[in-house]
4 protein chains.
Amino acid sequence: MTGSINKRGFASDNNAGVHPVILESMAFANNGHVIAYGDDPYTESAVARMKGIFGQETGIFFVFIGTAANVLGLSSVSQPFNAVICPGTAHIHVDECGAPEKFTGCKLLAVDAPDGKLTVDLIASQMHGIGFEHHVQPRVVSITQATELGTVYTPDEIRRIADYTHANGMLLHMDGARISNAAVTLDCSFYEITGGAGVDVLSFGGTKNGMMYGEAVVFFNRALCEDFKYRRKQGMQLASKMRYIAAQFDAFLENDLWKRNALHANLMAQKLHESVRDIPGVDVTQKVESNAVFARIPAAIIPELQKHYFFYVWDEECSEVRWMCSFDTTAEDIEGFTSLLRSLL
Amino acid sequence: MTGSINKRGFASDNNAGVHPVILESMAFANNGHVIAYGDDPYTESAVARMKGIFGQETGIFFVFIGTAANVLGLSSVSQPFNAVICPGTAHIHVDECGAPEKFTGCKLLAVDAPDGKLTVDLIASQMHGIGFEHHVQPRVVSITQATELGTVYTPDEIRRIADYTHANGMLLHMDGARISNAAVTLDCSFYEITGGAGVDVLSFGGTKNGMMYGEAVVFFNRALCEDFKYRRKQGMQLASKMRYIAAQFDAFLENDLWKRNALHANLMAQKLHESVRDIPGVDVTQKVESNAVFARIPAAIIPELQKHYFFYVWDEECSEVRWMCSFDTTAEDIEGFTSLLRSLL
Amino acid sequence: MTGSINKRGFASDNNAGVHPVILESMAFANNGHVIAYGDDPYTESAVARMKGIFGQETGIFFVFIGTAANVLGLSSVSQPFNAVICPGTAHIHVDECGAPEKFTGCKLLAVDAPDGKLTVDLIASQMHGIGFEHHVQPRVVSITQATELGTVYTPDEIRRIADYTHANGMLLHMDGARISNAAVTLDCSFYEITGGAGVDVLSFGGTKNGMMYGEAVVFFNRALCEDFKYRRKQGMQLASKMRYIAAQFDAFLENDLWKRNALHANLMAQKLHESVRDIPGVDVTQKVESNAVFARIPAAIIPELQKHYFFYVWDEECSEVRWMCSFDTTAEDIEGFTSLLRSLL
Amino acid sequence: MTGSINKRGFASDNNAGVHPVILESMAFANNGHVIAYGDDPYTESAVARMKGIFGQETGIFFVFIGTAANVLGLSSVSQPFNAVICPGTAHIHVDECGAPEKFTGCKLLAVDAPDGKLTVDLIASQMHGIGFEHHVQPRVVSITQATELGTVYTPDEIRRIADYTHANGMLLHMDGARISNAAVTLDCSFYEITGGAGVDVLSFGGTKNGMMYGEAVVFFNRALCEDFKYRRKQGMQLASKMRYIAAQFDAFLENDLWKRNALHANLMAQKLHESVRDIPGVDVTQKVESNAVFARIPAAIIPELQKHYFFYVWDEECSEVRWMCSFDTTAEDIEGFTSLLRSLL
C-alpha cells in the first residue's frame, strides 16, 4: 500500500480515520480476559458515563453501526403494521437499503422537507387513516440531528415536534449520527436536544466524529427497552468483544473529546463556506449549521475537482455537491481545495 | 477499572483480548483519508489475500460478526419457504436468538448429533416432503468446523456430506467461527476443508482466534453472491470504516499468525485434557480435537471453581462443563486451574 | 337481521353480493369428495379456462383475496433489497396496511400521479442509485387497471411502460382488481391489456365484479413461478376446498358473465356521471372510464346524503367523494340518489 | 367434469364438500348491499353467537383458513425473538410450510410426543436459556385439539398445561381445527376445553367439519387483540365480503349443526376402527378419540387400496396410514373399504 492512498477530501466524515486518543483507549482495554458480550468493566464504565449525560433512568445499548442503531431502535417501539414518519432526506429512507422495512415490517412515510427538517405541519400531513385497518398506523416520528443536509433543530423545534408526536400517541426517534456537530452549533448539552426536549429513542453516533465503529441506542424510558437485549442479539448487533466499543465511547466522552472534534469539523465547514460563498459560479444551497457545505457548481468542473479531492455529487440533476469536513480536516485542505476550485471557475 | 478485571479463565475464546500484531495493523491503517465502505486499499489487500487462499473466483465480503456471516450467507442461498438442516448443537440453532429464522424466514431442521457432527444419514433423515407444498423445502445443509463440541470434520467427511447435499439439489454452508483450530488439528489448508471439499458458502472467523471484530463470508461460486452487497447493507453489516476490519484480516493471514494462535490454543486444550482426564471425578465427554475440553464434574464444586476461573456450565442436567482455551492461555493458567480442581475433588 | 340491512349505495363494488350464476356454480361443485388443495377437476377446468384466455404457457394460481394476489405476486419476482415503483394512489401503497413491505421486505417508491396512472417519465424519476448498495434497487413496476381513480390504461400506454420497465431490467406487475371494467371500456380482450402488452405478473380479480371471494395470480413467464406453490402456502393463501374458488372462476368466465357484469357497472357509472355532472355544486374530478365517479361536493351535505346511500369520502381536505357502481346497481339507485343530491344542493 | 370425480375416501375431512345447511345460509346472506370488511349484520350476528359460547369479553375475528388463524394468533402474542413450544406433530410445525417462522420471526421448539400431546414435562424440557439473550425466549405453548394423531386432551390435561404455561410467563394457544370432534368425544362445551381450561388464544375451525372456508381466532383476554384488526389486514386475511364467512359460522353454530356433524364423523371413525382392528395385518397405532384412525398395514397393498379410496400414507418408513372420516362418510363407505381391505390381506 503506497502513500498515494492518502488523497484527502470532503467526501464524508467517515473517510477520516480514528482519533489517536480513541485508538489509545482501545489499546488500553486490550488487557487480559474479560467476560464477553458486555459483562465487563469497560462496558460498565462507558454505560455509566452515558447515564451521567442522558439520565440514570435511561437504557443504553451499544451496537456496531448507525443503520443498526436506527433500525433496532425503531423496531423496539413499533409493530409491523405501524408507520414511521420521516423527512424524504432521512438516512433511514434513502441510505439504509430498505433495512427499516425489512427488519421492522413498517412502512416509512417520507415527507418532502427542503431543508431536511420535519415540522409539526409536515408530520400532520401524514396523519391519515388513524384507526382504519386498511392503513398503516403512524407510531414513530424520526428526525435527524444534525440533518442529512447539515441543518440543525433547535431545542424548541424538537420540543414542538415531541409534543405533537406524544399528543398523537406516537414516539419520537432521533438519528444522532452527527449529534455532536449539532450540539456544538447550538452550544447545548446532549441532553437538552434529546431527552430534555422530548426525544424517546436516540441513535447516538461517534463514528463520523473520530471513532472506529460503534453506536449507542439510548432509550429515555426504560419500559421501551425491556427486551432490547434480545432484539440486539437477533438483529446481529451484539459484539462479543464489547469492551473495544466501550473503550471508544469512554475516550469519546472523556475530557470533551467529542466536543473538540466536532468544534473543529464545524469550524472547518464555516471556513470552507466563507472561502467559497463569494466565488462566482458557486451557489451554497443550505445553511451551514454543522460540518457540511452543500453547493451548486458547474457540472463541467466536477471531475477535475474530484481528481484531487474526494467528494460526492448530491443531486446530479442540479449539479449540487456535498462537502463534508471532519475532525481531521486541515486549513491546508481547505486552502488547497478552494484555490483549485477558484482556478477552475 | 481495577486490576481485578483480569481474572483469567476458560469461559470462551472471545473473552481473550486482541493479538498485539493485529492491534498494530489496525493502528497502521489509521492513516489519513480513504474511501469508506470498502473501496480502499486495505480492503483490496485483504480481499486479495483471501482470494489467494480460497481461489480467485470466490466472492469475499467482510461483516462484523459470526452470527451475521451465518445469517447473511444463508439468506443468499435460500428463499423463505426453504429449510436449513443442521445439528441440534449448531450455533445458528441455539445461540443466535432466532436470527436465522427472523432474517431468512426459513425453518431450521435440527438433528440430534451427539458429537456435534452431521452425517449423510442424519441429513437424509430430514429429507421429507420434497416437492410437497405444505412442507418447507430443504435447501441448505449447515455444518460447523470445528464444531460447537470441539470436534472436527475430516476433508473426506465434508466431501461425503457435500456430495449428498449437491446430489439432492442443496448447498453446503460451513460456520467456520473456529476454522483455524480445525485446520491446524487436521494439518490442512483452509481450502482443503472448505471449497476443496465441496463447501459452497463459508463464514470465516477470526474473532475467537485473536481478532477484535470482523468475519468474512466466502462464496465459492460467484453466482451465489451477485447481490450480496445489498444483503449486507440491508442486513446492517456494512462497515463504514471498513479498513479496520481489513487490516485485521491482513495481519491475521500474514506470516501464519492465525496458525500460530490456533496451534497454541489447541496445544493448551491438549495439555488441559492431559492434566484433567485422570483426575477421579472428571469425565471427559467429547474428543479433544480443537481448543475445547468438555467434561462432567461434580455439580457441588462448580461454584468454587468458577470463583477463580471463568467457565460455563454446558448442560446443567448432567453437570457437564466447557473449558475453552485461547491464543493467550498460559501454562500457568492450566496448572493453577488443574491444581484447584484436584484440590476440590 | 332486519330488512334495514338492505340500504343500497355507492360505497364499493364489494358491498354488492354474489351474482346468482356464480352461487349456482358453487352449489353445483358441492358434490361428494374431491382431493383438497386444488388437485380436483373443478380447479383443472378453471385453470384450463384461464390458460385459454392468457396463454397455455402461463402459470395460474388461485388465492383468497386481491391483497394476497398482489403481495405474493410481488414476492415472487423480488428480493427484500428491491423496490417496487407504483403510483401514490396504488392499493398496494395505501390500502393494504403495509402487507407488501411486511411480506416482501421491499420498499415501495410511490410517485404522485394525479390520475392514478404511471408514465415512463414518472417511473424514470425513481430510477436512482442503481447498483449503489446503500439504495434499494428498483425491480418491479406496479400499475392498476382500472386505476383506483377509475381511469384506464390503453394497451399502448401499458406497452410503453412495459418496454421501459424491461429495458431497465425490471418486471411489470398489474393489479387487476377491476380489470373487467377496464377491458369493457377499452373493448379489449384480457390478454391485450396484460401479457399481450408486456405485463409479467397479474392479479386477476373477480370479487369486485360479482364473485364471493377468490383471486388469481397469473404469471406470463412460467420461470417466474416455479416455486409459487410454496409461497402461496407459506403466504397462508392455499385454500383446502379449492373447488369452490375454481367453480366461481368457471362461472365468471363462462358465457362472458364477467363482461355482462362489468358492462352494466360501467354503464351505471356513465349514467350517474351524466346525471350529476351538470348539477351546480358537483365538480367531477376524474375521467369516468370504468365504474367509479369521483366528485367534489359541498362538505355540508355529505352526512345527509350518506344517511340514505352508502359511499366514502375520498379526500376530506377538498371534500372529494367516490361513488362506485357495481353489477347490481339499478337505474332506480341512480335516480333516487341523484334526486336526493339535487334536492340537497 | 364427469361423475368419476366422486371417488370417495378417507384422505381428509377437507376432501368432503359443504353441508347443505351451510350452503343455504350463504345463499340467504346473498341479499343486496351490506358494508364490506365485516361491518355488516351477518358478521354481527355470528360474532354474537361466538361470544355466547366463549364469553362476552372475548375478541372474535374471522379469517380465511386455519394456517392463518394459527399464524396470526401466534403473532399477536409474541415478538420475533420468542419461541413457540409445540409437539413435533403440530400442524404449525410440519404442515404450514414455515408460515409461522416467516410471519412471526419466532422459532418453533418442537418436542417429540408419540401421541401428539404435550405434557408439562415435555414443555419443561424446552425451558432453557430463560433471560439469556443468545437464546430465543419461550413465550407461547401451542397444543392441537383434537391432535393431528386423532387423540384428545381432557379439560384437566389442558388445565395442567395452562397452569404451568402461565406460571412461567407464557400463553397457551390452541389449534382447534378439529375442536368439534374433540368436544363431542369429551362431551364438553367448547368453553370447557378452551377458555374455561386456561387457553388464551384459539383457532376455531369449521372447514374440516362441513364449512366451505373461514376460521375464527378467539382471544380470551381482549387486551391480547387490541391491534389484531391491523394484523389481520396486513396478514392478508381480511375478507371484503365477510358476510359469507359469518353466514357459515351462524349456520354451523345454530341448532348444534357442528355437533351433529362431528358426532357422525367420530361415530364413523369408531365403526371403521371396530371393523379393521381385528383384521390380521392391520395394527392400529393411536387411540381413536376423534374422527381419525391411524394404522400400520402392509406396504404392498396400499396402492391397490388407494385406487379405490383416497387416503394418505402418514409414515412411509413404517407403512403407517391415516384414515379420516368426515360429516358425510357413510356406512357404505366403511363397509366397502373394509371389505376391500380384508380381501387384500
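**Notebook: the A–B interface and chain A**

I began with polar pairing in this predicted model, and across the interface of chain B and chain A I found 34 residue pairs in polar contact, with both residues at pLDDT 80 or more. I then asked which elements of chain B give two or more residues to the side that touches chain A. They are helix 1 (20–29), helix 2 (41–54), helix 3 (66–76), helix 5 (99–104), helix 9 (228–234) and helix 10 (243–253) of chain B. Of these, helix 3 of chain B gives the most, with 4 residues. I sorted the residues on that side of chain B by type and noted 30 nonpolar, 18 polar and 11 charged.

Next I looked for salt bridges between chain B and chain A, and the rule finds 0 across the interface. For the extent of the interface, I recorded that 59 residues of chain B are in contact with 59 residues of chain A, and that the area buried between the two chains is about 5,300 Å², of which carbon and sulfur atoms give 60%.

I turned to chain A by itself, where I counted 13 helices and 11 strands. Its radius of gyration is 20 Å, close to the 20 Å that the globule rule gives for 345 residues, so I noted chain A as being as compact as a globular protein of that length. Along the principal axes, the C-alpha atoms of chain A fill a box of roughly 60 × 55 × 35 Å. Buried residues make up 67% of the 345 residues in chain A. Finally, I checked sequence separation: among contacts in chain A between residues at least 6 apart in sequence, 75% join residues at least 24 apart.

Methods. Residues numbered from 1 in each chain as written. Chains lettered and ligands numbered in written order. Predicted model: local features only at pLDDT ≥ 70, side-chain atom pairs only at ≥ 80, totals over all residues. Heavy atoms only, no water. Contact = heavy atoms within 4.5 Å. Buried area = accessible area lost by both parts, 1.4 Å probe. Salt bridge = Lys/Arg side-chain N within 4 Å of Asp/Glu carboxyl O. Polar contact = N/O pair within 3.5 Å; in protein donor to acceptor, adjacent residues only side chain to side chain. Nonpolar A, V, L, I, M, F, W, Y, C, P; charged D, E, K, R; others polar. Rg over C-alpha atoms; globule rule 2.2 N^0.38 Å. Buried < 20%, exposed > 50% of the residue type's maximum accessible area, 1.4 Å probe, protein only.
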